[in-house]
Amino acid sequence: MAFCTSCGANIPATAGFCTSCGKKIEGAVQAAATPAAPATAAQPARSGGGGLKIVLIVLGIFFFLGAVVVGVISYGAYRIAKEAKVEQSGDEARIETPFGTVETHQDVEKAEESLGVAIYPGATATPGGSSSVEFGKMKVASGVFETEDDPDKVMEFYKEEFPKARVMTQDGDTQSLMADTKDGFITVAVARHDSKTVITIARTEK
């Protein structure tokens, strides 16, 4: 509370005039109306786990795809193990699977027949070195043989067998050639190993 300097009446501290005599009050402090601050709309809290969720989803997809791949491989192995037929007689073995047939042997005459290529005279088949694999329309036959003769002499023999061989290379102690056939191609590699010459022949039919 304040008082009027003219009549001494009590007046409010913020009054501009005396309520008793009406005299203007000098130096009165007017109460300033303070505007209310505008209400601010509440912002939704941002989640800091958005990136983590994406990472977890991606990892989940990878794990799922991995499980699918493992399942397919396991199923294929199960089918092969269940339906494969194995026949073995001495040095010969034959495996029949749902996807194809595999044969191995050490007989030079059988190797020559499956390869469709003349075996170097006097060469012997290495243990388990001759085999044939047949999957659908593709057939691959291979044989590994040994001889005491010089590699150059052996290669000359096969050059005469395949006079139109389109690829002929020599790399160190290894010589090789490739010849086209009506249904595929044949490769012959000759290399010196210790005291023997090793002959590797492969025939691919499509």
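Q: What should I know about the model and its numbering?
A: The model is predicted, so local features need pLDDT of at least 70 and side-chain atom pairs count only at pLDDT 80 or more, while totals for chains, interfaces and linings use all residues. Residues are numbered from 1 along each chain as its sequence is written, and side-chain values use heavy atoms, without hydrogens and water.

Q: How many helices and strands does the protein have?
A: Helices (H or I, at least four residues) and strands (E, at least two) are DSSP runs, numbered from the N terminus. Here there are 3 helices and 12 strands.

Q: What share of the residues is buried?
A: Buried means under 20% relative accessible area, exposed over 50%, and partly exposed in between (1.4 Å probe, protein chains only). Of the 206 residues in the protein, 23% are buried.

Q: How is a pair of aromatic rings described?
A: The distance of the centres and the angle of the planes describe a pair of aromatic rings. Rings of Phe, Tyr and Trp (its six-membered ring) pair if their centres lie within 6.5 Å; planes under 30 degrees apart are stacked, over 60 edge-to-face, and the rest tilted. This rule gives 2 aromatic pairs. Tyr120 and Phe157 are edge-to-face, because their ring centres are 5.4 Å apart and their planes stand at 90°.

Q: Where in the chain do Tyr120 and Phe157 lie?
A: Tyr120 is in the loop between helix 2 (108-115) and strand 6 (124-125), and Phe157 is in helix 3 (residues 151-161). The pair links distant parts of the chain, 37 residues apart.

Q: Are Tyr120 and Phe157 buried or exposed?
A: Both Tyr120 and Phe157 are buried. The relative accessibility of Phe157 is 19%, so Phe157 counts as buried.

Q: Which ring pairs with Phe157 at 5.0 Å?
A: The ring of Tyr158 does: the centres are 5.0 Å apart and the planes are at 90°, so this pair is edge-to-face. Tyr158 is buried, at 0% relative accessibility. Tyr120, Phe157 and Tyr158 form one aromatic cluster.

Q: Which residues form a nonpolar patch on the surface?
A: Like charges are joined within 9 Å, and nonpolar side chains (Val, Leu, Ile, Met, Phe, Trp, Tyr) within 5 Å. Ile57, Ile61, Phe64, Leu65, Val68 and Val72 form the patch, with about 590 Å² of accessible area together (Shrake-Rupley method, 1.4 Å probe; for residues, only the protein chains shown count as cover). Ile57 is in helix 1 (residues 50-83) and is exposed at 54% relative accessibility.

Terms used. Patch = residues over 30% accessible without salt bridge, like charges linked within 9 Å, V, L, I, M, F, W, Y side chains within 5 Å. Salt bridge = Lys/Arg side-chain N within 4 Å of Asp/Glu carboxyl O.
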